[in-house]
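Please examine the following model and its backbone geometry. An account in running paragraphs follows.

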Amino acid sequence: MSEFSPKIIVFVCNWCTYTAADLAGTSRLPYPPEVRLVRLMCTGMIDTKYILKAFLDGADGVFVGGCHPGDCHYIDGNLKAEKRITGLQQMVKNFGIDENRLKLEWIGASEGPEFQKHMTDFVAQIKVLGPGQTKDRMIL
Amino acid sequence: MNVQNPKIGVYICHCGMNIYPKVDVMKVAEYAKTLTHVSVASEYKFMCSNPGQELIIEDIKQRGLNRVVVASCSPRMHEPTFRKACETAGLNRFYFQMANIREHSSWVTLDSDMATQKAMELVTAAVKRVSFHAPLYTKDVPVQKSVLIIGGGIAGMQSALTAADAGFKVHLVERETYIGGHMAKFDKTFPTLDCAACISTPKTVSIGQHQDITLHSYSEVTELSGFVGNYKAVIRKKPRYINEDTCTGCGLCAEKCPVSVPDPFNENLGNRKAVYRSFPQAVPLTFCIEKKDPAPCRISCPAGTNVQGYVQMVKTGNYQQALNIIMERLPLPGVLGRVCPHPCETDCRRSLTDSAVSIRDLKRFAADNAKLEDVPLPKVEDRDEKIAVIGSGPAGLTVAYYLRRKGFKVSIFESMEKPGGMLRTGIPDYRLPPAILDAEIDHILSTGIEMNTGVGLGNGITLAGLKEQGFDAIFLGIGAHVPVKMNIENEDADGVIDAVPFLKEENLERPGSAKKRVVVVGGGNVAMDAARVAIRSGAQSVSIVYRRTRNEMPADHEEVEGAIEEGIELINLVGPKKVITQDGKVIGLECIKNELGPADDSGRRRPVPVEGSEFIIDCDMIIPAIGQRVESSPVLEDTDVDLTAWGTFNVDQITFQTSVPSVFAAGDAVTGPATVVEAVAGGHRVVRAIEKYLNNEMELLEDEIRQENKMAGKNDFLPVPEDVPVVKRAKTSFMEPSERKNCFDEVDLGLDEASAQKDAEKCLNCGLCCECMECVNACEVKAVDHEMEEEIIEVDAGAVILSTGFKTFQAEKLFQYGYGIYPEVYTSLEFERLNNATGPTSGSIQMKNGKTPERVAIVHCVGSRDSRNNKYCSRVCCMYSMKFAHLVREKTGAEVWEYYIDMRSPGKLYEEFYDRVQEEGVHFVRGRVAEITDITDHPEDDGRLTVVAENTLTMKTLRTPVDMVILSVGLEAAEGSEDVGRMAGVSRDKDGWFNELHAKLAPVSTPISGIFLAGCCQGPKDIPDTVAQASGAAGEAISLLSKGTVSTKAEISFIDPELCAGCKTCIEVCAYSAIDFDGSRDVSVVNETLCQGCGSCSSACPASAAGVKQFTDLQLMNELEGFL
Amino acid sequence: MTAYVIKGNDKNPVQAVKELFSKLLENQVDYIFLPGKSPYSKLPMPMLISDTAHMENLEPLAPAAPFNSAKQAASVLKSNTNKKIAFLLKPCEKRALVELVKLSQCSIENALIITADCLGRMENSTYLGLIEDAPGLIEAFLQDKSFQDKITSSCSVCTQFTDSGSDIHVNLIGCSGSAVFVPQTENGEAVFKKFECDRADIPTARENEVEQITKKHTENMETLSDNVLSKTKDVEKFQELIATCLNCYNCRTACPVCYCKECVFLTDIFNHMPETLLNRADKKGIIKLPTDTTMFHMTRLAHMSHACVGCGHCSSVCPSNIPVADIFKIVSKNTQDFFGYIPGENTDEKIPYLNYKKEN
Amino acid sequence: MKYAFFPGCAHDTSAGYKESLDAVCSKLDIELLEIPDWNCCGATITAGESKTSSLYLAARSFALSEKMGYTQILTGCNACYTTLKKSAKYLSSDKHRLEAANKHLASEGLELTKEITIQHVMDIIFDKTPKPIWDSYKNNALQNINIACYYGCQYTRPWLTGPQSDRPEYIENFLTGLGFNAVNHSAKTLCCGAAGAMPNADIAKKLVARIADGVKKESADAIVTICPLCQLNVDMYQTQPDIEQIPTLFFTQLLGLYFKIDLENLGLDKLLISPEPLIEKMQNLKSA
């Protein structure tokens, strides 16, 4: 049997982490192919529905990447996201979704190597946690 | 559902070899064709090329596509390109979605199959999403026709002139006092060796004169808000304390200024004054006064005397101005110059290096060497209000003098025959000669104060009586003259006389009343005075009995020393128990020994008597000196004034009013026995209070005092220089003990002029400007204004250019190069100043010892191309290093070694310059310098530095002795650029340089539209590149402003009124106050001009009534559907 | 603390409450809002009364409620009418109303909120069954423990059956059959200044009895946790609980704090296009319809679990007998503990998600 | 306090290091327990051929220490310090290396299971001893004694954790705290030549000459070393012609003088350059 290849959704803000991801690209910094980036203008835009949708429709992990506190292009959208996501981590924990499957990190625009590292680490962590619960199941 | 029959075209880009072959684009295209609603899918080598775009346009037109997906590079790169193509074909630009299969797949995925798989999923998501796109429209809004430029170096100046010449208003903000930036410090520029000043001064002058340029020098932008076309900036203009409009730049102020400090413009190689202009050709030409927080000496003086000011005046020999400054706060300069316990010296920061400045002695020196009658009095109108001052001690004299200076009528009532209070009766003449006191009191009275001696409370006047006489305010400065008893047996015996009456009698009448063997009880200054007076008035032996040890004695160190020198015996750890009498006369004092117990409330260890240790000291006179209290009964005779538990007057701590509104009090009568300067300090507070009281402004006082307290204690002082020499503290000369103990002549003879000036020179000028007001006196056009405050200016701008420049690498970080350790190691900026005609050596290249160097090493890449510091190449160092080599050869003929890693000379005439310098005989050594040390291998090189490096061409280690080393330090982003970046929303790269929008195609733009970059803030570059980029940035700004309008963002929030429940959560989370509440419909409404499209509202709205166009729930949920 | 009893009615709490409201309507407020029954059903519904002539219809303190009346109260208080209205609410209704105030759904500035000790409510069918046979059920319920065991699952785990934030709270527990009125705000205090009533002491037995019930309900909660947790411990088990959900959204309609005009699950976002459903079927081979039921319940938990007041009406209205309230009870306890948030306590406490700003 | 101690090959034969260290330790209540049957730290092999062999050598001493119940090992030699520290890092961070080493150790019935930390004995003496003992000998007049601290090239290697820099001030700060005047000079971390002294005596001499040159500029009364190899080389080559002669002591010998320990217990007579002038100067200090 082939190794578990997780499906990971990565929500990133346009100004910091998407730029960092682009920088990782231009710097040719390889990271595991399992991650799928969804570009948003700001992490403060992330609706809990998006994350639940991901978890219930087969994603094994969800990563949210925003600007460092104080660097948010929209002043404090990242802090709003932080509050919402920590709340959601608690919520999904009730249903056996390990809170480590939902991760929030600050990755600044110039932090291409950090983006690479976070992606590599997160994929590795999800591999350790194993497949999520909704893959190939009649759940949504 | 807002979509009918989506027809989607999918285009996969090869990006040459960047996407293909890592991603099998053919496979992706074939796959895309199978997706729902996709009617065409193809791949092409370069989708962004004209033929690529044509492909899309043709398909839209021919096949009737209504949605387009391009899978290629990052949308940050080509989204606008393809959107434009859609628009060209007649399709709304927002019917387009991009899948990033280059940066996010082909470039970062090692396995080709995986990369292809990922690309297919990215395309699927984009296809799903684009079905739900809707057309969006933008609005045009007018732009402000002005440009804000932050940073006035060569880049900012070039941008400013370019934009202003195009007819736009420019606000140029520079934080230094001058414009020109680093270039203003240079002497020559490479490779043409043009004089830097010659090519930059025309620009600075034009800036100063241009009608469309507003120059905000010595200013910083503190806030930047708004959006492209309509930015708003808040500028904080620091006070120069010199009026820009009137200053003629003549420089007389600087000539007079006594304060000399290291000059940062000259890289601290030379000094400048507290009032300065960095260089003669500076624009603006206005001088500037630099102030720090008030010096610690000034803060710690209870009376707030401008200590730094008069010390500086003593230094420059201007004793009269020194006295003038003292007299601003101290009415009795000669007195305090002799008896002040000088808390200022305790706080003097000079003691961090050697010893405190002898401030008190300097004050005395100034008082003794200037004329009281020449002290200027303020010109004020006389006022009608009358004030009665009761008591002529230091508090009363202060109140009288300073109220008189404000124009009030003042009468003093003194119950003794001569004025002076405790100054006269309590302080012995050998410390304070009566002539000094008389002269200073006479001077105070000469300002028009009425003195009534022999009249006091209970002795001719009463409080009520004074009020009846029409006094508008009364000051009680009656001191504390009643001795405190010892409470021991036989205390009233003949031969026991308290210190206060003893001193009074001796001071006023000098009867020689001391007996043979005298015991003084107490450890304070009064005890010392009593003992020393006793020995002068005939005692054969004097002992001082004190209950703790010498360490705990409250008396001044000098006084104790003086007493011991005069043969007075200290008996410590002993308490009086009983007076032994014979026939009613004292024959001895029974004492008990003490041990020190635990500390009491005062922090001193409490004496504990040792039982059974009693002993008797034979004596015939006992002088208790253990304290005094206030004689309040005459005051209370007709007026009920509140007292404290200690018997002092109970006054309000702010107003110094007693419980009777028009009656004020201060000095010992309030504090209990304290120092002269504390009495003066109390007097000042009363002066302010009485003035406010008589002006009916009492309520302002509290605010004023709170404001002052808030200002205090920031402790931002001029740093103590590292190389302060150790200078011995000036000591006054004293009369010989043997001589002085028999007379009342002044013991302390004061300082001589030379030592006074030498000691004044020790002052570190903690407050920088000493506020001696010499500049005010020197300025012919009255441009100096020490009261100036910072200004806050708001400006509008359609575009912003950041040109904040660079700073140089801190060479101290590389220990091995010995910068800061060996004096002959210089940084490149230091060398620029050393070589500059306006620099500290007037352009002569010389060592610190004044000699011309014979051997000079120049070390490249200091802080650059160094994985431990900055990895990048700073681009300019090779060229300026060779410029240095040429200049050193030309000016000194010294032998020069250049230590380089690689020689970087790409540029017009740069390589030719390299050739030329080689031909001039400069040694080029390829190898990074390992170490610079003062250790030499040969004795003849002693005193030289050794440069250790491996010549990697000859594979030999070289140890080259040289006289001077120049470190070619690299460039780093300027101090504060992080704050500017945050303010403007422009991110910085890992090295701190501002991120441009695109490294190649948009090098002067930023991701924030309307904000542009010029010069080194974007990365290291030389002057030609900086100027080119600055013109480019100005060009971008002009292009933006010329159009006159900008399109509003289409990707902003909307709120569906059908769904909105009016909970106002969105209003709460909106950081831009861009949502209003429509009370008539109970729904929230987006203000489209303010909305930035961050989507905080959208995620906070549980009903999804709020959303962001182009990032709707429907679009994102379907994008996810595509991924999952 | 001052407490009052109504003269002459000190042994009949229902009558005492009625009298208080009657007196209020007579000369202190413009309207009163409290449960009553219509001629058409024995089930008490909230009634809005402007005239004391209709007092006989009132049925306060009945152990039944077809829904949480906070939303109805809010609709009366939606905008400022300058009318004074007195409300009788169960503690959970009052808490829900406070949450709705925070969400700008109404203002309680002109409202006089009166709460009463709640011994729980029965499901509608239970109540209707019992009231047929026992007309004095309401009074009997307050005394008779055997009736009290018939309350809903949510009520049997409720530990917030008293209230400390309302203007007046009616003490029933431990008051041996009388109603003791305790004013808890200045407005509440003012009420008693305007008419004659007797000062009284809060019976000492009350504290102990409240504690007893709390203890019992806490134990019930533990049992419930054990039961529900085993079914929510993972997403798949959870399917067993909600397998029969038909996306009727009754639970969200009944929920007093689900304040959206229209649920997002009724919008296009979840009203899928046919190809979306077909694509899903393609991808997984088989899908269950309707889709997005897990999504619905979890989203509602994510949106509202911080604000859940535990009234249990979501379960009562579920046609598929899904223990929605039990699930909410467990999840919301965790959410509320995590944020240190107590819903409905006071109107000044910030909703946790709006409390995102960092210190300094 | 008890510590496991790794003396290294030069400790016992050095010019009074052993004596003075023992004397100072007993003053400070430190007990150094020599690791039984310790072997060469591996420094010379690392320098020469095989990194792995050197690792096994270190691992054996580590295992012996572990067996006696200590995972922290002290040493007084800079070469041992660096080599052991490097080996400890390799062994704890690379399980393959650890396994390979343990395979060798198994033949002796030894096994290394714990992470070993290495400390210079100086660190313990400076940081882990009661301040009052030091303070009771404090004397302001000591500021007339000018000490040049010499760290050698190993102790402050950049990759080591702990006090490190090209111009360290660790010993200086400590000695200044005792009252000495620790002079700042440029030769603190220069190479003493020990590694090449045997085959290249002329180079070693040149290196020591540089150290002496750096120190003499600051008119030091003594050089203080913390390594037997440094001490030997610096002491020995100063006796060559044309080189300034400055007494070169172990830091423990200076501390012994500070504590006024009997001279015969400090092994000062073994030094090549006589420390007499220093001893005399210290004995004649006026206490203030």
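B:Met955 is found in the loop between β42 and β43 of chain B, where helices (H or I, at least four residues) and strands (E, at least two) are DSSP runs numbered from the N terminus. Phi of B:Met955 is near 55 degrees, a positive value in a residue other than glycine. Because its relative accessibility is 67%, B:Met955 counts as exposed; exposed means over 50% relative accessible area, buried under 20%, and partly exposed in between, with a 1.4 Å probe and protein chains only. This is a predicted model, in which local features need pLDDT of at least 70 and side-chain atom pairs count only at pLDDT 80 or more, while totals for chains, interfaces and linings use all residues; side-chain values use heavy atoms, with hydrogens and water left out. Residues are numbered from 1 along each chain as its sequence is written, and chains are lettered from A and ligands numbered from 1 in the order in which they are written.

Strand β42 (residues 945-951) of chain B pairs with β43(B) in the antiparallel sense over seven bridges, two strands being paired if DSSP finds at least two bridges between them. Within this pairing, B:Val948 has B:Arg959 of β43(B) as its bridge partner.

A positive phi also occurs at B:Met773, near 70 degrees, again in a residue other than glycine. B:Met773 lies in the loop between α27 (753-761) and α28 (774-778) of chain B, and it counts as partly exposed because its relative accessibility is 30%.

Both α27 and α28 are included in what covers the buried residues of α10(B), together with α9 (296-300), α11 (319-329), α13 (343-347) and α14 (359-368) of chain B; contact means heavy atoms within 4.5 Å. Helix α10 (residues 307-315) of chain B is mostly covered, with nine of its nine residues buried. Among them are B:Val307, B:Tyr310, B:Met313 and B:Lys315. Just after α10(B), B:Gly317 takes a positive phi of about 80 degrees.

Two cis peptide bonds deserve attention. The bond from B:Tyr20 to B:Pro21 is cis, with omega near 10 degrees, and B:Pro21 lies in the loop between β1 (8-13) and α1 (25-33) of chain B. In chain C, the bond from C:Leu289 to C:Pro290 is cis, with omega near -5 degrees; C:Pro290 is found in the loop between α12 (274-284) and α13 (293-304) of that chain.

Helix α2 (residues 50-63) of chain B contains B:Leu55, which counts as partly exposed because its relative accessibility is 30%.

Chain A and chain D do not touch, their nearest C-alpha atoms being 19 Å apart. Chain C and chain D do not touch either, with nearest C-alpha atoms 35 Å apart.
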